[in-house]
Amino acid sequence: MAKFRSSSEGARKAALTTGAFLGVILVFWLLMRVSGFARFYERIEAGVVRVGTGVGNSVSRVTKPEQSLATQFLACQESTRALAINSSSYESLQREVQELRALVDYANRTEAAGIVTHVVARAVDDDATRVLIDRGTLDGLQQGSAAVIDDGVLFGMVEEVRGTTAIVRLVANAQSNIPAAVLGKQRTIGLVEGREGALLVMEFIPQDAELGNGNLVVTSGLDGLVREGLVIGLVTEVVSVESAPFQQAFIELLYEPREWTTLLVLPPPGL
Amino acid sequence: MDNAPRVATTGLMITNALYAVLFVFTLALQTGAVASLPEPYRLFPLALVMGVIILHERSLVLGALWLVMSGFILEARGLGDGLAFAGIVAAGAAVTLALSVFAKRSFWALLGVGIGTALTFVIARILWLFVWVIFTRTHVQFGSLIEQGVVVVLMAILGIFIFGAYIRRFLRWSRDKFVSKGQLYDISFPQ
């Protein structure tokens with residue numbers, strides 16, 4: 001069997017190792033309580049995220065197999081077919097388009113009240129549906145606020161707020177429940193929940209509701225936390241079983257969460 | 001002559017403090033750069049691989065601390081569930097493997113410790129989430145979790161194959177350069 005070094009000398013070294021290592025981490029943790037240092041460190045982290053995202057996007061472009069282009073083409077064909085079917089109801093949809101345009105304008109107007117944040121870290125678990133942002137209670141961030149990207153596309157909800165940081169739970173997170181509406185002939189209300197990967201499911205859609213592929217899904221604002229009209233995604237499949245009390249719709253996100261590093265956090269409506 | 005132990009102590013503390021700085025930097029890389037890569041690259045367990053290499057090449061205590069603290073800090077920051085528990089179990093497994101199964105300081109022993117630790121980490125995390133799901137009634141896709149766990153183990157193997165030799169060489173060079181040979185190994189390494 002193996003022999004070991006003298007225990008007293010070994011114990012001294014182990015204590016020194018533990019003390020020095022944990023001491024530095026403790027000092028770092030204490031420094032992170034100081035907002036000036038925390039901001040400085042978060043700026044570095046945001047830089048690391050930006051570099052990683054840039055490298056990731058390049059890797060995605062290089063490693064994307066040609067087969068996926070064919071898949072994308074087929075998806076586009078399917079989408080075109082769905083649009084062709086929907087064109088018959090163009091007149092009635094026009095009203096919804098106007099409504100949507102008004103909602104987008106509304107989202108644009110709210111930018112002034114929103115807080116621009118940067119992603120400083122991403123979750124390392126299996127679904128990667130949480131990000132850490134560089135704004136917190138010191139910046140007036142509130143739990144339950146909506147984080148949006150692009151031109152009013154819902155990215156996630158602020159789940160937990162700390163001094164200088166906050167955790168945003170992405171829409172695709174399995175614990176995510178967002179009251180939503182499908183813009184179609186009629187405004188259909190349901191509840192969007194996260195599922196495996198980037199797929200979302202809209203539950204509790206009444207059986208008599210008419211919806212189809214390509215319909216736009218937006219937040220309904222019924223929970224009072226998320227503003228109305230933030231874009232969630234497009235309906236890709238509707239599951240309707242006659243015996244079931246509700247229909248179910250699969251929704252595809254319009255973006256790849258990994259590719260976004262800057263978010264706009266909108267406070268709950270009425271604040 | 002009297003100053004020798006004090007110099008060794010100071011050197012040891014400075015070196016370990018520098019490892020702590022490297023630890024913070026590694027976590028920032030893991031959650032910032034690596035997590036921003038597309039699948040499957042984002043699953044590369046950088047902190048775990050570094051922890052295993054340090055445990056095997058530098059110090060059992062430091063490596064075990066690295067594995068435990070990485071899981072604990074990532075979970076405390078809200079960047080994953082069950083990581084603290086998995087980190088503790090993985091650290092225990094890594095120490096046991098490095099002491100009694102892969103006791104040689106060869107590259108293949110490092111690979112063995114790496115595979116064993118990564119496997120233990122993944123299994124411990126799945127078990128934790130299994131219990132967590134029962135109590136919190138949340139939705140977890142265990143199929144995808146197992147699938148991604150396999151990817152994590154494969155990535156760890158790949159990481160040790162690609163970076164292991166370089167990091168080993170760097171650690172040995174820095175040890176021989178700044179501290180006398182063998183001085184930094186702590187109690188637990190068999191002689």
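Helices (H or I, at least four residues) and strands (E, at least two) are DSSP runs, numbered from the N terminus. On that basis, chain B holds six helices and zero strands, and its elements follow the order α-α-α-α-α-α from the N terminus on. The model is a predicted one, in which local features need pLDDT of at least 70 and side-chain atom pairs count only at pLDDT 80 or more, while totals for chains, interfaces and linings use all residues. Residues are numbered from 1 along each chain as its sequence is written, with chains lettered from A and ligands numbered from 1 in the order in which they are written.

Of the 191 residues in chain B, 47% are buried (20 or more other C-beta atoms within 10 Å of the residue's own, with C-beta atoms placed from the backbone). Among the contacts in chain B with a separation of 6 or more, 65% join residues 24 or more positions apart; a contact here is a pair of residues whose C-beta atoms, placed from the backbone, lie within 7 Å.

Helix packing in chain B comes next. Two packed helices are described by the angle between their axes and the distance between the axes. Axes are lines fitted to C-alpha atoms, for helices over the stretch in contact, and angles run from 0 to 180 degrees between N-to-C directions. Helix α3 (residues 60-76) of chain B packs against α4(B) at about 165°, with the axes 7 Å apart. α3(B) and α4(B) are therefore roughly antiparallel (an angle over 145 degrees). Their crossing is right-handed, that is, the near helix is turned clockwise from the far one by less than a right angle. Residues of α3(B) that meet α4(B) include Leu60(B), Gly63(B), Leu67(B) and Phe72(B), and those on the α4(B) side include Leu83(B), Gly87(B), Ile88(B) and Val95(B). By class, this contact has 15 nonpolar, four polar and one charged residue (Ala, Val, Leu, Ile, Met, Phe, Trp, Tyr, Cys and Pro count as nonpolar, Asp, Glu, Lys and Arg as charged, and the others, Gly among them, as polar).

Helix α2 (residues 46-57) of chain B also meets α4 (residues 83-101) of chain B: their axes come within 10 Å and cross at roughly 35°. This crossing, too, is right-handed. Leu48(B), Val52(B), Leu55(B) and His56(B) of α2(B) make the contact with Ala90(B), Ala94(B) and Ala98(B) of α4(B), giving six nonpolar, one polar and no charged residues.

Technical notes. Contact = placed C-beta atoms within 7 Å. Parallel < 35°, antiparallel > 145°, perpendicular 65-115°, else oblique. Buried ≥ 20, exposed ≤ 12 C-beta atoms within 10 Å, placed from the backbone.
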